[in-house]
Amino acid sequence: MSEFDLIVAGGQIVTPHSAYRAAVHVKGGRIVRIAESPEGSAEKTVDAGGLHVMAGFLDAHCHIMDPGYPECEDFARGTGAAAKAGLTCILDVPRHQPPIDSARRVEEQRAYLAGKGVVDYGFMAGVYPYNVEDVEAMWRAGAVALKCFTVEIHETPPLMPGQLQRLFRLASGFGGAILIHAEDDSVVRANEALLRATGRKDYLVHAEMHTREAQELAVDSVCSVAEYALKPPARLVFAHISAPEGLRRIHKAQMRGAPVYAETMGHYLTLTLDDLRKKGPWVKFAPTAREPGTVEEMWRCLNQGLIHQISSDHAPQPGRLIAPGEKDIWASPLVTGANIEVNTRLMLNGVSEGKTTLQRLAQILSAGPAQHYGLYPRKGAVQVGSDADLVVVDMGRTETMERGKTVSKGGWTMHDGKPLKGAPVMTFVRGRLVYEEGRVVGEPGWGKFVTSH
Ligand SMILES: [Zn+2]
């Protein structure tokens, strides 16, 4: 019998604080030894010479929408797409039907997802004005975090500052994690009413509705509440911050001791209003893409440490639902396409273009999200004792996303046709190969449910 199940040898290990050549030894799904070269025998040895070996990426904000929207995605396809992107764990965020809004619904969702995941997964429960008092019960039932809004999106009612204060105090009591979509409801509504009254249907209407000030105002007010009401080990992640002002306000709250963090997505580091002007409903996400120039500022902020995690906000509606938006931007839903599949590649491509480093990515794609959701160092680390979640990356490989060729049901991405340099070539979840060279080889059911408690 072999001493180890797996040895990944010869690769450059990249962590947030180091990069060194080593062999990772795996037994029973965990990393049991890291040594300069292979020591002892293994069932399987992988030669990662010339490649980088990183902790599996963690997508802490994606919408698989299962159950509820079978036309958009299902859990096996969505987690298969994750494996292709080097993700070894995903956190599914509410957009389910029926909503996950009670402890009973959390238990039902756990049972529903059993046997469906290709990679490991957790999921969040939704907090609305009617269930703020139930958050501890939802947390205890296994929700990895609590998702809430300050703005009405997808017909979900927003929380007002008083309700947020109550939520933060409750979460401080049990050490819960919260993800918040922060745009000011009254500003977005007022913009919408004025724009609709003009009869305009052009693409830029979307940006004029979801303005920078709508995000700034909400981030500012939520930070103010958090500075008083949120105490560690509870923590709050601001979802998809799209402009530097929000990042700076969150940083200021951190300096004052509030346990708050900023998330963004690859699309806020690559797409601008020019893309919205050209592609309209195919890049209609909220908050919106910003003015050219903002993207460069966002990369600067990322390198200054003001961005703490990168997620996909995967929302893969099929083309049939989006096409009506080409004539009337109001007529199509918010989308990001099969973003779970392309988001990590955008970040690797950013490294290829010299915009940031692989070490920074090790923090914001792996360690950071695992820390924010209480999964670190079981997830998000290449160290002895951690789950053997590994992604082998070839920074020399260029791949182009193509319409109709996604693993995700969505069938398209916001970056189709754009060559991206730097690609995951192998993904291991707890020591088992789930993706290799363009093929998802993992089976639904290998992925295990995770939560922090
Ligand atoms: Zn989202």
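Q: Before we start, how is the radius of gyration taken here, and what is the globule rule?
A: The radius of gyration is taken over C-alpha atoms, and the globule rule is 2.2 Å times the number of residues to the power 0.38. Keep in mind that this is a predicted model.

Q: Okay, so what does that rule give for 453 residues?
A: A compact globule with 453 residues would have a radius of gyration near 22 Å; the protein has 21 Å, so the two agree.

Q: And how far does the C-alpha trace span along its principal axes?
A: About 70 × 50 × 40 Å.

Q: What percentage of the residues is buried?
A: Buried residues make up 56% of the 453.

Q: Switching topic: how many helices and strands are there?
A: The protein has 13 helices and 17 strands.

Q: What order do the strands of the open sheet follow?
A: The 8 strands go E6-E7-E8-E9-E10-E11-E12-E13, with parallel pairing. Strand E6 (57-62) and strand E13 (309-311) are the edge strands, each pairing on one side only.

Q: What's the average twist?
A: From one strand to the next, the twist averages 30°.

Q: Which helix packs on the sheet there, and what does that helix touch?
A: Helix H1 (residues 75-84) packs on the sheet and touches E6, strand E7 (87-92) and strand E8 (120-126). The direction of H1 makes about 140° with that of E7.

Q: Let's zoom in: how many bridges join E9 to E10?
A: Strand E9 (residues 145-149) and strand E10 (residues 177-181) run parallel and are joined by 4 bridges.

Q: Which residue in E10 is the bridge partner of Lys147?
A: That's Leu179.

Conventions
Residues are numbered from 1 along each chain as its sequence is written. This is a predicted model: local features need pLDDT of at least 70, side-chain atom pairs count only at pLDDT 80 or more; totals for chains, interfaces and linings use all residues. Two strands pair if DSSP finds at least two bridges between them. Helices (H or I, at least four residues) and strands (E, at least two) are DSSP runs, numbered from the N terminus. Axes are lines fitted to C-alpha atoms, for helices over the stretch in contact, and angles run from 0 to 180 degrees between N-to-C directions. Two residues are in contact if their C-beta atoms, placed from the backbone, lie within 7 Å. A residue is buried if 20 or more other C-beta atoms lie within 10 Å of its own, exposed if 12 or fewer, and partly exposed in between; C-beta atoms are placed from the backbone.
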